[in-house]
Amino acid sequence: MTVRPSELLHVARTLAGHPEISFASVTTGPTNLLATAICRDNADLYRYLTERVSALDAVQTLETAPVLRTVKPTGALPPQAYGRPASS
């Protein structure tokens, strides 16, 4: 999303406080804020965007890209993933 620079940190912190947001990061390039929201379904995503995010006046543009299928999740992998047994 693109957020007015003077409000960037405020919006980032506000979004980070929303229970729907699992990741938020200030970025560079054509957009300056990236956030990952976890919603139950399309209706829940719609509600979140139109009721919570739209209330943040400093958000100038927003683009969504719903995840259709996760092939490799983020985060630490268990030792078994590297062919090593888990320690006891």
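**Legends to close-up views of the predicted model**

**View 1. The lining of the largest pocket.** The residues that line the largest pocket fall into 19 nonpolar, nine polar and three charged, where Ala, Val, Leu, Ile, Met, Phe, Trp, Tyr, Cys and Pro count as nonpolar, Asp, Glu, Lys and Arg as charged, and the others, Gly among them, as polar. The model is predicted, and local features need pLDDT of at least 70, side-chain atom pairs count only at pLDDT 80 or more, and totals for chains, interfaces and linings use all residues. Residues are numbered from 1 along each chain as its sequence is written, and side-chain values use heavy atoms, with hydrogens and water left out. The volume of the largest pocket is about 960 Å³. Among its 31 lining residues, Ala35, Thr36, Ala37, Ala65 and Val67 are the closest to the centre, and the elements that contribute two or more residues to the lining are S2, strand S3 (33-37) and helix H2 (42-53). A pocket here is an open set of points on a 1 Å grid over the protein atoms alone, where a 1.4 Å probe fits, with protein on both sides within 12 Å along at least five of seven lines, and lining residues have an atom within 4 Å of a point. Grid points are joined across faces, edges and corners, and the volume is the space filled by probe spheres set on the points.

**View 2. The chain as a whole.** Two helices and four strands make up the secondary structure of the chain, and along the sequence they follow the pattern β-α-β-β-α-β; helices (H or I, at least four residues) and strands (E, at least two) are DSSP runs, numbered from the N terminus. Of the 88 residues in the chain, 20% are buried, with buried meaning under 20% relative accessible area, exposed over 50%, and partly exposed in between (1.4 Å probe, protein chains only).

**View 3. Serine 25 in strand S2.** Serine 25 is located in strand S2 and, with a relative accessibility of 24%, counts as partly exposed. Leaving aside residues up to four places away in sequence, serine 25 touches Asn32, Leu33 and Leu34, a contact being heavy atoms within 4.5 Å. Threonine 36 is eleven residues from serine 25 in sequence, and their C-alpha atoms are 9.2 Å apart.

View 4. The loop between helix H1 (8-16) and strand S2 (21-26) holds histidine 18, which is buried at a relative accessible area of 9%. Beyond residues up to four places away in sequence, histidine 18 touches Tyr48 and Arg52.

**View 5. A network of salt bridges.** Glu20, Arg40, Asp44, Arg47 and Arg52 are linked in a network of salt bridges, each defined as a side-chain nitrogen of Lys or Arg within 4 Å of a carboxyl oxygen of Asp or Glu. Glutamate 20, buried at 10% relative accessibility, meets arginine 47 at 3.3 Å, N to O; glutamate 20 lies in the loop between H1 and S2 and arginine 47 in helix H2, so this pair ties together parts that are 27 residues apart in sequence. Arginine 47 is partly exposed, at 27% relative accessible area, and its side chain also forms a salt bridge with that of aspartate 44 (3.0 Å, N to O). Because aspartate 44 and arginine 47 are three residues apart in helix H2, about one helical turn separates them.
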